[in-house]
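Q: Hey, can you walk me through this one? I'd like the layout before the side chains.

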Amino acid sequence: MRSLSNSQKRISYLLKIIVFVSAVDFFVVSHVGSLKKKDVIYVIIPPILYAIYAGIGYVKGWQFAEGIKYPYFFLNWGSKAGAFGFTNELPFMGSAWWILVLLVFLILVALCYLAITNLIRRKLDRRATNTKF
């Protein structure tokens, strides 16, 4: 087994920076209310792509840390729980179940954000109609 190369580490850091900057940009300059309920599903695309990336790394034998072939405990396909099993020790359930739970959680967070942006948009609309020039 080999550890991540310097270029793989750079890509990992770059992805974290891009995601952070994109999130800040979205919250600061996005048009409030431009999201629709159907857009919420897009929130799961990056985590699915990351799970695929980590899965490829697991199969190829990458080491995300010294002697560890997975980046997070819930992506440990080789644990006693495996993909769809359950166990009494960490990670308690299989990687596929963790991924499903996390995707549902992300969709719920996105729906909460959508509700907040709709509330902000309604308040801004009311303020605009009450303002006289």
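A: From the N terminus on, the elements of the protein chain run β-α-α-β-α, giving three helices and two strands. Helices (H or I, at least four residues) and strands (E, at least two) are DSSP runs, numbered from the N terminus. This is a predicted model, so to speak of local features we need pLDDT of at least 70, and side-chain atom pairs count only at pLDDT 80 or more, while totals for chains, interfaces and linings use all residues. Residues are numbered from 1 along each chain as its sequence is written, and side-chain values use heavy atoms, with hydrogens and water left out.

Q: What's the mean pLDDT of the protein chain?

A: The mean is 84, and 89% of the residues reach 70 or more. pLDDT is the predictor's confidence in each residue, from 0 to 100.

Q: And where is confidence lowest and highest?

A: Confidence is lowest in strand 1 (residues 2-3), with a mean of 60, and highest in helix 2, with 92.

Q: OK, how much of the chain is buried?

A: Buried residues make up 24% of the 133 residues. Buried means under 20% relative accessible area, exposed over 50%, partly exposed in between (1.4 Å probe, protein chains only).

Q: Which residues form the nonpolar patch on the surface?

A: Ile-41, Tyr-42, Ile-45, Ile-48, Leu-49, Ile-52 and Ile-56, with about 660 Å² of accessible area together. Patches are made of residues with over 30% relative accessible area and no salt bridge; like charges are joined within 9 Å, nonpolar side chains (Val, Leu, Ile, Met, Phe, Trp, Tyr) within 5 Å. The areas come from the Shrake-Rupley method with a 1.4 Å probe, and for residues only the protein chains shown count as cover.

Q: Where does Leu-49 sit?

A: Leu-49 is in helix 2 (residues 45-60). It counts as exposed because its relative accessibility is 53%.

Q: Switching to aromatics: how many pairs?

A: Ten aromatic pairs. Rings of Phe, Tyr and Trp (its six-membered ring) pair if their centres lie within 6.5 Å; planes under 30 degrees apart count as stacked, over 60 as edge-to-face and the rest as tilted. One of the pairs is Tyr-53 with Trp-62, tilted at 5.4 Å centre to centre and 55° between the planes. Tyr-53 is partly exposed at 26%, whereas Trp-62 is buried at 9%.

Q: Why is the Phe-86 and Trp-97 pair called stacked?

A: Because the planes are at 20°, with the ring centres 6.1 Å apart. That pair links distant parts of the chain, with Phe-86 in the loop between strand 2 (62-63) and helix 3 (95-130) and Trp-97 in helix 3, eleven residues apart. Phe-86 is exposed at 59% relative accessible area, and Trp-97 is partly exposed at 32%.

Q: Which residues form the aromatic cluster?

A: Tyr-50, Tyr-53, Trp-62, Phe-64, Tyr-72, Phe-73, Phe-74 and Trp-98 form one cluster.

Q: What lies over the face of Tyr-58?

A: Lys-69, at 4.4 Å from the ring centre. A charge sits over a ring if NZ of Lys or CZ of Arg is within 6 Å of the ring centre and within 35 degrees of the ring normal.

Q: How many salt bridges?

A: One salt bridge, formed by Lys-80 with Glu-89, where the closest N and O atoms are 3.5 Å apart. The rule is a side-chain nitrogen of Lys or Arg within 4 Å of a carboxyl oxygen of Asp or Glu. Lys-80 is exposed at 68% relative accessibility, and Glu-89 is partly exposed at 40%.

Q: Last one: is Ser-79 buried or exposed?

A: Buried, because its relative accessible area is 13%. Ser-79 is in the loop between strand 2 and helix 3, and its C-alpha is 7.8 Å from that of Gly-94, 15 residues apart in sequence.
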